[in-house]
Amino acid sequence: MIFKSSTTAVPDVPAVPRHIAIIMDGNGRWATRRLLPRVAGHVKGVEAVRGVVEACVLRGVEYLTLFAFSSENWRRPAEEVSLLMRLFVTALEREVSKMHANDIRLKVVGDLSRFDPKLQDMIANAERRTAGNKRLTVTVCANYGGRWDIMQATSKMVASNPGTLDFTEEMLAPHLAMAYAPEPDLFIRTGGEERISNFLLWQLAYSELYFTDTYWPDFSAESLDAAIASYQGRERRFGRTGEQVANNT
């Protein structure tokens, strides 16, 4: 399926976001405030993921994209990175069967070449197993960066169009890591920070941004509803005037 770009056409505006993208921030601070090791916050964060996935299914969201590990997160202490990798393996072992049973598709995007071969195999197997599921597509961005995505897509576009000097958005779009999904309607960042941190730089061009002080482990179905309510109260103009939007409606 070819999805509309928000800069080349006016996309549909669903009452419930079709695609929600989330930076799950605040796991470490949640743990520190409770005098717990940072990894305890990451473990609790996996539980929050499970709850938000279930909430998205119930609310009719079609795509949920989660920023799990950025290309810059390798700068964190080696012990924490190692624990995050082990937690990723554990989550795959525990959750993929449940996702498949509930008709949920799993995708993992990013530069996976840096991961342990065992983890790469687990990811590939999970994607194959859930490839035909239709109820919700959950994308985990791991070792992902928005600039990396644009660069790798540009390289593929140039390679597939030898001799071409004039390129368009339409020529680049199929090579982006998330070409299989529409652009996010709603972007959420938990943990109190208000930036997009190299996440989906191309795809967030016209997404509605929502920031909350809630740490990710405390982000619940009710928290998701608050974000969706904020989204529903906004006028999505995509470069048009408010009058044009009202007349079109």
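H2 covers residues 38–59 and H7 residues 221–232; they pack at about 50 degrees, axes 9 Å apart. Axes here are lines fitted to C-alpha atoms, for helices over the stretch in contact, with angles from 0 to 180 degrees between N-to-C directions. The crossing is right-handed, meaning the near helix is turned clockwise from the far one by less than a right angle.

This is a predicted model: local features need pLDDT of at least 70, side-chain atom pairs count only at pLDDT 80 or more, and totals for chains, interfaces and linings use all residues. Residues are numbered from 1 along each chain as its sequence is written, and side-chain values use heavy atoms, without hydrogens and water.

Which residues in H2 and H7 meet? From H2, Ala55, Cys56 and Arg59; from H7, Ala221, Leu224, Asp225 and Ile228, contact being heavy atoms within 4.5 Å. By class, five are nonpolar, none polar and two charged; Ala, Val, Leu, Ile, Met, Phe, Trp, Tyr, Cys and Pro count as nonpolar, Asp, Glu, Lys and Arg as charged, the others, Gly among them, as polar.

Now the whole chain. There are eight helices and six strands, taken as DSSP runs (H or I, at least four residues; E, at least two) numbered from the N terminus. The C-alpha trace spans about 55 × 45 × 35 Å along its principal axes.
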